[in-house]
Amino acid sequence: MRDYLAIGFALCVVCIVAGCKGEKATPAVPPVDEAKKMDTPAAPDAPSVDRPTGAPAVPDSLPYGLLLAFSQYGVVDGNATSDPGPARFDILTREDGEWKTEVVEDTQSNIFHKAMPFAPRGQPPGILTAAGTDAYVKFWRREKGELRPTTLWHAKFGGEFNRIRDAEVADLDGDGTLEIVVATHDQGVVAILKQQPNNKWKVERIYERKDTFIHEIEIGDLDSDGVPEVYATPTPPNRFLAPGQSGDVVRFVPKRKEGPTVVAALGIRHAKEIYVGDVDGDGVDALYVPVEALMTGLGANARMIEPVEIRRYDADTPPDGGIVVARIPDQHARFLTVGDVDGDGKQEMVVASFSKGLWLLRPGKNPKSEWGVENIDRDSGGYEHAARFADLDGDGIDELYVADDKQGELRRYVWVNDRPKREVIQTRDVSRSRMTWNIVEFPREP
């Protein structure tokens, strides 16, 4: 999926974050038509060394920043409550030797499941958000120093929940215009938003199933025919007190009006995360599915029968024939991220699991067999445990950014002598006052 994101990301090289000078909320206000344009900044000089850790020191300024999407909760007497606040995303940048945060809130929803750079055809770039309760897809652009939203789609699905759970962008039909593919709760809607000549957005629902959660969307090309495929993860509604939950991964080919086709049949297990991309360097995409653990019993009597399995599916893999490339001894893993930690041109995968930390996976000589697995930080966790490889300093080597929501920290990892070095770059006073749903990089003003 990273290649498809890079296409949209390259169109957003213009900065959209001028003015991130403090932690203040930017309220949702009426839409505007223009945004300030800036050039892509050059990479900084090679950093010095932080002698206490042996890790490269963070440059005083970075050419790229991070977008972080949140749900947030009220705090009473120093403790987080279950009362949701407005949907929130943060813009985090490194300037003048400091990490600086701009906070953007939207009172029309209580969760941003995703915030990502986006550049519609013929318009200045901005930020695309996918929100829940209420379900909105919005596009934000800066006007006079403030980010202001335009609603692209607002939907009510007719069930108990109205959430846009995920979104990805790609040119699905080859016409040179990016479409937006969204996943929703709880009527199983997968929809494609297509920009029209008048800059309105036409919505086509390509899938709908009652009492169904679609957790994740990925886009790739497993059969290498040049036509993008859309992958989605339908399951029954979440069951927190049951030992098992069923689910599949299905494929659509919108250009050919094909789908849904089950490509991963998970039986009494399911997955809420998938990754599509070329991890092993053979030039061909594969589908990776972190199948959640099979449990028995409840509460104190809960027992793990099978751990999380990272299963690989190629274009010719039968739905019941996924190859287990790694096992993670935890209940679930909701983030897979892929990057090059040491600059050797080979990709690694990090699995961020619920309570057992961060796991580095390396394909071996035969990437269709078991991979090397290493726990790189046990002291990290969270229900989502958002993680992202990104090269914010532009040196050609990825850093790893992780939201440890258990401890309320945003962490940066760099590899020195094949070992990760950890730095905390942001903290919050009440760790459980926010849940991080997504992290993504974007260019900023120099």
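Which helices and strands each supply at least two residues of the lining of the largest pocket? They are α1 (2–10), β4 (64–76), β8 (111–118), β12, β16 (213–220), β26 (333–339), β30 (387–390) and β34 (434–443). Helices (H or I, at least four residues) and strands (E, at least two) are DSSP runs, numbered from the N terminus.

The structure is a predicted model, in which local features need pLDDT of at least 70 and side-chain atom pairs count only at pLDDT 80 or more, while totals for chains, interfaces and linings use all residues. Residues are numbered from 1 along each chain as its sequence is written, and side-chain values use heavy atoms, with hydrogens and water left out.

**The largest pocket**

A pocket is an open set of points on a 1 Å grid over the protein atoms alone, where a 1.4 Å probe fits, with protein on both sides within 12 Å along at least five of seven lines; lining residues have an atom within 4 Å of a point. The largest pocket holds about 920 Å³ of space, a volume being the space filled by probe spheres set on the grid points, which are joined across faces, edges and corners. Its lining consists of 44 residues, and His113, Arg165, Phe335, Glu384 and Trp437 lie nearest the centre. By residue class, the lining comprises 22 nonpolar, nine polar and 13 charged residues. Here Ala, Val, Leu, Ile, Met, Phe, Trp, Tyr, Cys and Pro count as nonpolar, Asp, Glu, Lys and Arg as charged, and the others, Gly among them, as polar.

**Salt bridges**

A salt bridge is a side-chain nitrogen of Lys or Arg within 4 Å of a carboxyl oxygen of Asp or Glu. By this rule the count comes to 36 salt bridges.

| Glu102 | Arg142 | 2.9 Å |

Glu102 in strand β7 (residues 98–106) and Arg142 in strand β10 (residues 135–143) are 40 residues apart. Residues are buried under 20% relative accessible area, exposed over 50% and partly exposed in between (1.4 Å probe, protein chains only). Glu102 is buried at 2% relative accessibility, and Arg142 is buried at 6%.

Lys156, in the loop between β11 (146–155) and β12 (163–170), and Asp134, in the loop between β9 (126–132) and β10, are 22 residues apart. Lys156 is exposed, at 57%, whereas Asp134 is buried, at 17%.

Glu348 belongs to strand β27 (residues 348–353) and Arg362 to strand β28 (residues 358–362), so this pair ties together parts 14 residues apart in sequence. Glu348 is buried at 2%, while Arg362 is partly exposed at 25%. Elsewhere, salt bridges with shared partners join Asp377, Asp379, Asp404, Glu409, Arg411 and Arg422 into one network.

Two strands pair if DSSP finds at least two bridges between them.

Strand β21 (residues 286–291) is joined to strand β24 (residues 308–313) by five bridges. Across this pairing, Leu287 stands opposite Tyr313 and Pro290 opposite Ile310. β24 and β25 also pair over five bridges, with Ile328 in β25 as the bridge partner of Val308.

Six of the six residues of β24 are buried, so this strand is largely enclosed by the rest of the structure. Val308, Ile310 and Arg312 point one way from β24, and Glu309, Arg311 and Tyr313 the other way.
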